[in-house]
Amino acid sequence: MRLLTTVEDTHAFGRRLASVLRAGDLVVLTGPLGAGKTVLAKGIGAGLGVAGEVTSPTFVIARVHRADPHRGGHLTMVHVDAYRLGAVPDPRAEIDDLDLDAAMDDSVTLVEWGEGLVEQLADAHLRVHLQRRDDDAREVSLTPVGGDWRQRTTSLCPAESGS
Ligand SMILES: Nc1ncnc2c1ncn2[C@@H]1O[C@H](COP(=O)(O)OP(=O)(O)OP(=O)(O)O)[C@@H](O)[C@H]1O
Ligand SMILES: [Mg+2]
């Protein structure tokens, strides 16, 4: 667990996390409403050097941010917010319809509210959990699941249990 006291700390943590990311990665962002998942996604987008503002998509479920060479970018980032899928009868079918796996090999895919829905899209994933504390600081914890996520993330944050 690592403490992220301010918005800037969360953004900076996202930028650091971006430095270990590569094409094909799946990152599942978890935590309750307002925990800071989108702030973290903004930091990751900044670190990757992608085009376009990373925001909470209101009317879309997934947004593609191409690499912006002027920002030093070389990886596409796909930002998914599955929150609205919570209410549909078959969220898994909706995720399938997005055809995320088609783009995944060439991109970094970040998913908010996708726990239990998107893990099967990749052999391995990193779960990033954010929790708001009473004093408004955030706690972030990383759970590496499969692949070489553990090795790649130990320097960022002490790992929780995972495989
Ligand atoms: N340390 C912090 N890290 C991140 N956000 C913080 C922090 N302190 C305060 N905030 C505020 O908390 C809010 C986090 O909002 P954000 O949209 O990132 O949450 P979210 O987890 O994506 O929520 P949602 O589930 O609605 O998508 C922002 O308004 C941000 O300014
Ligand atoms: Mg969000």
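I will go through the magnesium site, one network of salt bridges and a surface patch in this structure.

This is a predicted model, in which local features need pLDDT of at least 70, side-chain atom pairs count only at pLDDT 80 or more, and totals for chains, interfaces and linings use all residues. Residues are numbered from 1 along each chain as its sequence is written, and side-chain values use heavy atoms, with hydrogens and water left out.

Let me start with the metal. The magnesium ion (ligand 2) has T38 (OG1) and E112 (OE) as its protein donors, at 2.1 to 2.2 Å, where donors are N, O and S atoms within 2.8 Å of the metal (3.2 Å for Na, K and Ca), and since water is not among the atoms, sites may look incomplete. T38 belongs to helix α2 (residues 37-48) and E112 to strand β5 (residues 107-112), so the pair ties together parts that are 74 residues apart in sequence; helices (H or I, at least four residues) and strands (E, at least two) are DSSP runs, numbered from the N terminus. T38 is buried at 14% relative accessible area, and E112 is buried at 3%, buried meaning under 20%, exposed over 50% and partly exposed in between, with a 1.4 Å probe and protein chains only.

Turning to charges, D25 and R152 form a salt bridge with their closest N and O atoms 2.5 Å apart, the term requiring a side-chain nitrogen of Lys or Arg within 4 Å of a carboxyl oxygen of Asp or Glu. Both D25 and R152 are buried. By contrast, in the salt bridge between D68 and R71 (3.6 Å, N to O), D68 is buried at 15%, whereas R71 is exposed at 52%. Salt bridges that share partners also join R22, D25, D148 and R152 into one network.

How values were computed: Chains lettered and ligands numbered in written order.
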